[in-house]
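Biologist: Before we start, could you put the chain up on the screen, so that we can go through it together with a few questions?

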Amino acid sequence: QVQLVESGGGSVQAGGSLRLSCAASGFTSCMGWFRQAPGKAREGVAASLGSITAYADAVKGRFTISRDNAKKMLYLQINSLEPEDTAIYYCAGTNWCTYPPPLVANVYNYWGQGTQVTVSS
C-alpha cells in the first residue's frame, strides 16, 4: 500500500507560482498530478515515468513535474497561474504504466487527499 500526502497549495493571484509537493511512502512506476475543479471531472495535468513526462495541453509550458526518488517526493511546479487553474490537486500513483505515462485517472490506484489551489484574478 502506497500512502501519498500532498502539500503546498494556497491562494495566489493570477500570474503567480506555486510548488506542490507529494510525500510518498513508496513510488510506483508512474506518478501523476491530477486536479478537480468544482462541478468538473478529475483531469490529469502531468505524469512521470522516471524521466519521461507527459502534460495536458492546457498546462504545457506552465507546469513541470519532477521527482526525487531518494526522498520519495513528487513535485509540481506551477507558473503563470490562471483563475482556471483553481482546483484541488491530487498526487497519484500506479504500476499500470504506459508510454507516455498516462493522464487518465482510472488507471491510478493510489491517491492522496489533495491540496487546494485557488487563483484570483
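Biologist: Which residues have the most contacts inside the largest nonpolar core?

Modeller: Please keep in mind that this is a predicted model. The largest nonpolar core has 27 residues, and the elements that give two or more residues to this core include β3, β4 and β9, with β3 giving the largest share, four residues. Inside this core, the residues with the most contacts are Leu4, Trp33, Phe63, Leu76 and Tyr89.

Biologist: Is Cys97 buried, partly exposed or exposed?

Modeller: A disulfide joins Cys30 to Cys97, with the sulfur atoms 2.1 Å apart, and this pair links distant parts of the chain, since Cys30 is in strand β4 and Cys97 is in the loop between β9 and β10. Cys30 has a relative accessible area of 0% and is therefore buried. For Cys97 the relative accessibility is 29%, which lies between the cut-offs of 20% and 50%, so this cysteine counts as partly exposed.

Biologist: Is the disulfide of Cys22 and Cys91 left-handed or right-handed?

Modeller: Cys22 in strand β3 and Cys91 in strand β9 are 69 residues apart, yet a disulfide joins them. Because the torsion about their S-S bond is about -75°, this disulfide is left-handed.

Biologist: With the side chain of which residue does the side chain of Ser48 make a polar contact?

Modeller: Ser48 is in strand β5, and its relative accessible area of 2% is under 20%, so Ser48 is buried. A polar atom of its side chain lies 2.8 Å from the backbone oxygen of Gly50. The side-chain partner in a polar contact, at 3.2 Å, is Arg67.

Definitions and conventions:
Residues numbered from 1 in each chain as written. Predicted model: local features only at pLDDT ≥ 70, side-chain atom pairs only at ≥ 80, totals over all residues. Heavy atoms only, no water. Buried < 20%, exposed > 50% of the residue type's maximum accessible area, 1.4 Å probe, protein only. Polar contact = N/O pair within 3.5 Å; in protein donor to acceptor, adjacent residues only side chain to side chain. Core = buried A, V, L, I, M, F, W, Y, C linked by side-chain atoms within 4.5 Å. Disulfide = S-S within 2.5 Å.
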